[in-house]
Amino acid sequence: MNRSYITIFGAGKSSLGRIVLFAASLFLFAACGGSKRLAQPKEPAVIAKQELKAEDFLNNKVHYRTFSGKAQAHLVTKDQDQNFTLNLRMKKDEQIWSSVIALGVAEVARAMLTPDSLRAIVRIGKKAYAMSYEEGQQLIKADVDFPVLQNLLIGNVLVEDMSVSKLEETDSLVVITMQKEAYKQVLTYDKKQQLLQQLSLTAADRDFSCTISYGKYGPTTHSQPFSYQRYIIIKNKKDELKLNLDFTRAELDGPADFAFDIPSSYTLQQIKGKVK
């Protein structure tokens, strides 16, 4: 399978350690699936007559070198219902740093991801993780390429290297359908502002879907519009994950500290076989 696609994010049992890895890696994230159906426009107009171009909408994305943000998060799976604060820092194509705060006061976990590695510490029990990015995917039960993960966190289209197969419009919306192999991505934009409102990613050969709703757009650095609220639903067969992200801060291209150390008092965890 082409690694530029999200495959699945299994829910399963999760500890604080897996929350931070999931959060750092997404998933916070573990993938996307949706119980909501993407609203389809009625009686789509003929594109050529309207002279709409998919590129005009697809190119309207957040451009950044570094990102620093803070979000209130609510994660729900069949095994847990958690509220936490997520601090994020990213360097495009290079680094993702995340910190999970419980009850608004205490850091419970921290993680650092690069395209090649994943390191994390869990304060409770003084546990540490150091592994390749691929091993980290196994740990959080996710298969998501690093650029896709950064797109998820910054609010851009998840998979960019897909071909546009259809463009439809109503009075207020533009719906762009993209496909490649067994994957289909449907993007719904506000027609006037050209801002992404909803994204649906599905795989035809498996019971998998990912739906992301984008809301509360506001300006950030360089006056770029940023979605401060995201609602993510991931459905993989019988497993379902729901994640609400409500950003209270979002800054682009400022100085960002990516320092990450594993204290000598922490015990490095050995990852063998399936993660329980």
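**Aromatic contacts and charges over rings**

Arg89 lies over the face of Trp97, at 3.9 Å from the ring centre. The model is predicted.

Ring-to-ring contacts were examined next. Rings count as paired if their centres lie within 6.5 Å. By this rule there are six aromatic pairs. One of them joins Phe57 and Tyr189, with ring centres 5.4 Å apart. The planes of Phe57 and Tyr189 meet at 55°, so this pair is classed as tilted. Phe57 belongs to helix H3 (residues 54–58), whereas Tyr189 belongs to strand E9 (residues 183–190). The pair therefore ties together parts that are 132 residues apart in sequence. Phe57 and Tyr189 are both buried.

Phe67 and Phe247 form an edge-to-face pair. Their centres are 6.3 Å apart, with 75° between the planes. Phe67 lies in strand E1 (residues 66–76) and Phe247 in strand E13 (residues 239–252). This contact therefore ties together parts that are 180 residues apart in sequence. The cut-off for a buried residue is under 20% relative accessible area. Phe67 counts as buried because its relative accessibility is 0%. Phe247 also counts as buried, at 3% relative accessibility.

The Phe67 and Phe247 rings also belong to one aromatic cluster, together with Phe226 and Tyr228.

How values were computed. Residues are numbered from 1 along each chain as its sequence is written. This is a predicted model: local features need pLDDT of at least 70, side-chain atom pairs count only at pLDDT 80 or more; totals for chains, interfaces and linings use all residues. Side-chain values use heavy atoms; hydrogens and water are left out. Rings of Phe, Tyr and Trp (its six-membered ring) pair if their centres lie within 6.5 Å; planes under 30 degrees apart count as stacked, over 60 as edge-to-face and the rest as tilted. Helices (H or I, at least four residues) and strands (E, at least two) are DSSP runs, numbered from the N terminus. Buried means under 20% relative accessible area, exposed over 50%, partly exposed in between (1.4 Å probe, protein chains only). A charge sits over a ring if NZ of Lys or CZ of Arg is within 6 Å of the ring centre and within 35 degrees of the ring normal.
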